[in-house]
Amino acid sequence: MAGSGVFAEIRDGDGVFRYYSDGEWKASASGKSVPIINPTTRSTHFKVQACTQEEVNKIIESAKAAQKLWAKTPLWKRAELLHRAAAILKEHKAPIAECLVKEIAKPAKDAVTEVVRSGDLISYCAEEGVRILGEGKFLVSDSFPGNERTKYCLTSKIPLGVVLAIPPFNYPVNLAVSKIAPALIAGNSIVLKPPTQGAVAALHMVHCFHLAGFPRGLISCVTGKGSEIGDFLTMHPGISCISFTGGDTGVAISKKAGMIPLQMELGGKDACIILEDADVDLAAANVVKGGFSYSGQRCTAVKVVLVMESVADKLVEKVNAKVQKLTVGAPEDDCDITPVVTESSANFIEGLVMDAKQKGATFCQEYRREGNLIWPLLLDHVQPDMRIAWEEPFGPVLPVIRINSVEEGIHHCNASNFGLQGCVFTRDINKAILISDAMETGTVQINSAPARGPDHFPFQGLKDSGIGSQGITNSISMMTKIKTTVINLPAPSYTMG
């Protein structure tokens with residue numbers, strides 16, 4: 001059960017979850033808390049501390065001091081502690097998954113999968129970090145014209161300092177550890193600011209790192225209102241790097257953060273282009289999986305289907321048949337479609353639906369909503385003047401736009417201000433590669449729905465979808481910088497063999 005057993009110390013006597021600073025679980029001096037609303041019941045289920053700016057200052061000072069010592073810790077030791085944290089996380093998957101069910105209405109089975117996947121990510125990161133960071137480069141000067149071999153250059157990767165990690169509500173554990181593990185193996189310290197919805201799951205995950213025995217101050221987790229500590233954190237001079245996953249807030253952060261490395265993944269409007277020669281059964285299965293998994297609340301969800309007119313009727317018929325089989329209800333019951341995260345999210349989605357209805361879209365199902373729960377809806381004959389054609393619903397509503405040429409599909413994809421992922425369904429690999437090259441997205445999936453993973457694959461967006469690249473290897477490299485030492489010799493020296 002959440003906040004009990006080995007996790008008992010992360011909760012105070014009033015049931016409010018503590019924040020984590022300097023190796024201890026603490027109550028905020030503010031005396032205030034932030035409620036976490038259960039999307040299913042729409043009532044307060046958990047509460048977390050509302051930390052102050054002064055507490056953030058102390059956390060960052062501790063992180064800076066701890067990082068200096070951590071950078072001197074042998075790589076094998078860093079990896080050993082990460083492996084230990086991964087094992088503890090997987091051992092306690094049940095209470096962490098319970099938090100995900102209550103905080104973000106993630107189906108129970110998917111919640112457990114997220115925790116296990118996160119443990120696997122940490123272990124892989126430990127192994128990969130030892131390999132990447134255990135190697136440097138040796139350069140010699142006479143490879144450049146006009147020079148003799150009088151200089152030897154040694155390069156290595158060194159940590160940046162204090163990394164601020166801000167994950168989103170939809171994967172508050174997995175997308176937190178995808179930032180934490182690379183930062184730690186690279187020798188950095190971590191300040192985690194979890195999302196409000198998902199904060200308790202993140203606090204449980206942090207406690208697994210605490211139980212693994214990491215040094216005091218190296219890992220911190222601060223909770224609170226973004227209006228009070230958000231800008232203070234992202235603009236703090238003690239922060240050396242920001243890794244953020246989320247929405248429009250990331251654009252504001254990037255403008256305010258100053259001259260530090262940024263890793264940003266800011267959402268998408270992932271287009272699915274389906275050609276005449278596609279395997280329609282395969283395409284339909286992936287449209288449903290990609291568009292409706294976790295109620296469409298995924299950055300890499302299929303957000304718009306661009307299907308050739310000649311196969312559109314067949315595709316829509318097959319998708320509708322699959323949509324009818326989706327179960328709708330509570331996350332505890334492992335339903336396919338569960339409540340979206342907040343009432344404001346549900347209202348936004350409804351606004352997109354009503355706009356499409358007013359402008360003549362074909363409703364393949366009756367629009368139905370109860371509280372935060374929205375039944376899956378496929379909208380056919382969507383036109384470019386409808387908001388749903390361009391805006392990201394982050395819910396179980398999927399628009400279908402019928403196209404008459406590949407060029408029309410590519411144009412719609414590239415006209416979006418987003419460019420995270422896209423997908424193409426065709427049996428012609430030559431067409432697939434040409435279309436992939438033409439799509440202005442960070443990743444193109446061929447004959448599969450968009451997805452972030454496996455977690456060691458590069459993951460990045462173009463345009464408003466982000467800055468930099470994620471994936472375990474890329475994240476480790478991004479959270480380090482190159483240090484060079486040059487040995488100047490008194491005379492040219494050559495190895496004779």
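Lys 64 counts as partly exposed because its relative accessibility is 36%, with partly exposed sitting between buried (under 20% relative accessible area) and exposed (over 50%), using a 1.4 Å probe and protein chains only. The accessible areas themselves come from the Shrake-Rupley method with a 1.4 Å probe, and for residues only the protein chains shown count as cover. The model is predicted, so local features need pLDDT of at least 70 and side-chain atom pairs count only at pLDDT 80 or more, while totals for chains, interfaces and linings use all residues. Residues are numbered from 1 along each chain as its sequence is written, and side-chain values use heavy atoms, with hydrogens and water left out.

The side chain of Lys 64 meets that of Glu 61 in a salt bridge at 3.7 Å, N to O; the term means a side-chain nitrogen of Lys or Arg within 4 Å of a carboxyl oxygen of Asp or Glu. Glu 61 is partly exposed as well, with a relative accessible area of 45%. Both residues belong to helix H1 (residues 53-70), where they are three residues apart, about one turn of the helix. Helices here are DSSP runs of H or I with at least four residues, strands are runs of E with at least two, and both are numbered from the N terminus.

As background, side chains of opposite charge can pair when their charged atoms come close. By the salt-bridge rule, the count comes to 23. Another one joins the side chains of Arg 368 and Glu 370, at 3.3 Å from N to O. Arg 368 is partly exposed at a relative accessible area of 40%, and Glu 370 is partly exposed at 47%. A further salt bridge, at 3.4 Å from N to O, links the side chains of Glu 440 and Lys 463. Glu 440 lies in the loop between helix H13 (429-438) and strand S21 (443-446), while Lys 463 is in strand S23 (residues 462-463), so this pair ties together parts that are 23 residues apart in sequence. On accessibility, Glu 440 comes out partly exposed at 37%, and Lys 463 partly exposed at 35%. There is also a network, in which salt bridges with shared partners join Glu 309, Asp 313, Asp 380 and Arg 402.

Turning to surface patches, these are built from residues with over 30% relative accessible area and no salt bridge, joining like charges within 9 Å and nonpolar side chains (Val, Leu, Ile, Met, Phe, Trp, Tyr) within 5 Å. A nonpolar surface patch is formed by Phe 138, Leu 154 and Ile 487, which together have about 260 Å² of accessible area. Leu 154 is in strand S6 (residues 151-159) and counts as partly exposed at 37% relative accessibility.

Helix H6 (residues 199-212) is a mostly covered element, with twelve of its 14 residues buried. Among them are Leu 203, His 204, Met 205 and Phe 209. From first C-alpha to last, H6 reaches 20 Å, close to the 20 Å expected at 1.5 Å a residue; the expected span is 1.5 Å times one less than the number of residues. Gly 213, with a positive phi near 95°, follows H6. Val 340 also counts as buried, at 0% relative accessibility, and lies in the loop between helix H10 (309-323) and helix H11 (343-358).

A few backbone details remain. Most residues other than glycine have a negative phi, and most peptide bonds are trans. Arg 42, however, has a positive phi near 60°; it lies in the loop between strand S3 (33-37) and strand S4 (44-49) and is partly exposed at 46% relative accessibility. His 381 has a positive phi too, near 55°, in the loop between strand S17 (377-380) and strand S18 (397-403). The peptide bond from Gly 453 to Pro 454 is cis, with omega near 0°, and Pro 454 is located in the loop between S21 and strand S22 (459-460).
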